[in-house]
Amino acid sequence: GEGIDAHGVAGARPPVVDAGPGHAVSVDTLTFANELTPLDLLLFRFYGREVPGLVEATLRQNPGLAALGPYPPRGTVIAVTTPAPVSATVLRKVIQLYD
């Protein structure tokens with residue numbers, strides 16, 4: 001569905017796109033609902049977390065977006081490859097200071 005949330009983020013999730021054998025990619029369409037929201041904040045608000053490399057990938061996926069400056073105009077629509085879900089189990093490398 002599409003709508004604008006409390007943070008001014010409009011978004012819709014279109015169907016999954018076939019990216020070749022064994023690879024399916026979902027693409028979200030997001031719209032800047034106001035002119036005071038930078039890309040990183042829009043992505044954080046929509047996905048509810050920071051995703052390493054997502055800003056850079058989004059800029060590559062949307063030619064001309066960077067030329068709009070740090071605050072794209074209201075109504076600017078972008079395509080974002082849906083990031084992988086967060087794993088329920090996070091593995092952390094344990095560093096021991098003493099043996």
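Tutor: Let us begin with a definition: a residue is called buried if its relative accessible area is under 20%, exposed if it is over 50%, and partly exposed in between, with a 1.4 Å probe and protein chains only. At 4% relative accessibility, L43 therefore counts as buried. This is a predicted model, in which local features need pLDDT of at least 70 and side-chain atom pairs count only at pLDDT 80 or more, while totals for chains, interfaces and linings use all residues. Residues are numbered from 1 along each chain as its sequence is written, and side-chain values use heavy atoms, with hydrogens and water left out.

The overall layout comes next. The protein chain contains two helices and five strands, where helices (H or I, at least four residues) and strands (E, at least two) are DSSP runs numbered from the N terminus. Their order along the sequence is β-β-β-β-α-α-β. Of the 99 residues of the protein chain, 25% count as buried.

We now turn to the core itself. A nonpolar core is a set of buried Ala, Val, Leu, Ile, Met, Phe, Trp, Tyr and Cys residues joined through side-chain atoms within 4.5 Å. The largest one here has 10 residues, namely L30, F32, L39, L42, L43, Y47, L54, L65, I78 and V80. Two or more of these residues come from each of β4 (24-32), α1 (39-47) and β5. The most is given by α1, with four residues.

L43 is located in helix α1. Contact means heavy atoms within 4.5 Å. Apart from neighbours within four places in sequence, L43 is in contact with L30, G48, R49, L54, V55, T58 and V80. V55 lies 12 residues from L43 along the chain, and their C-alpha atoms are separated by 7.7 Å. With residues up to four places away in sequence not counted, I78 touches D28, T29, L30, F32, L39, L42, T58, N62 and L65.

A search of the whole structure finds one aromatic pair. Its members are F46 and Y47, whose ring centres are 5.0 Å apart and whose planes stand at 90°, so the pair is edge-to-face. For such pairs, the rings of Phe, Tyr and Trp (its six-membered ring) must have centres within 6.5 Å; planes under 30 degrees apart count as stacked, over 60 as edge-to-face and the rest as tilted. F46 is partly exposed, because its relative accessibility is 21%.

V51 has its place in the loop between α1 and α2 (54-61) and is partly exposed, with a relative accessible area of 21%. V51 and D40 are 11 residues apart in sequence and 9.6 Å apart in space, C-alpha to C-alpha. V86 belongs to the segment after β5, and V86 is exposed because its relative accessibility is 54%. The C-alpha atoms of V86 and V51 are separated by 9.6 Å, although these residues are 35 residues apart along the chain. L97 also lies in the segment after β5 (77-81), and L97 is exposed, with a relative accessible area of 74%.
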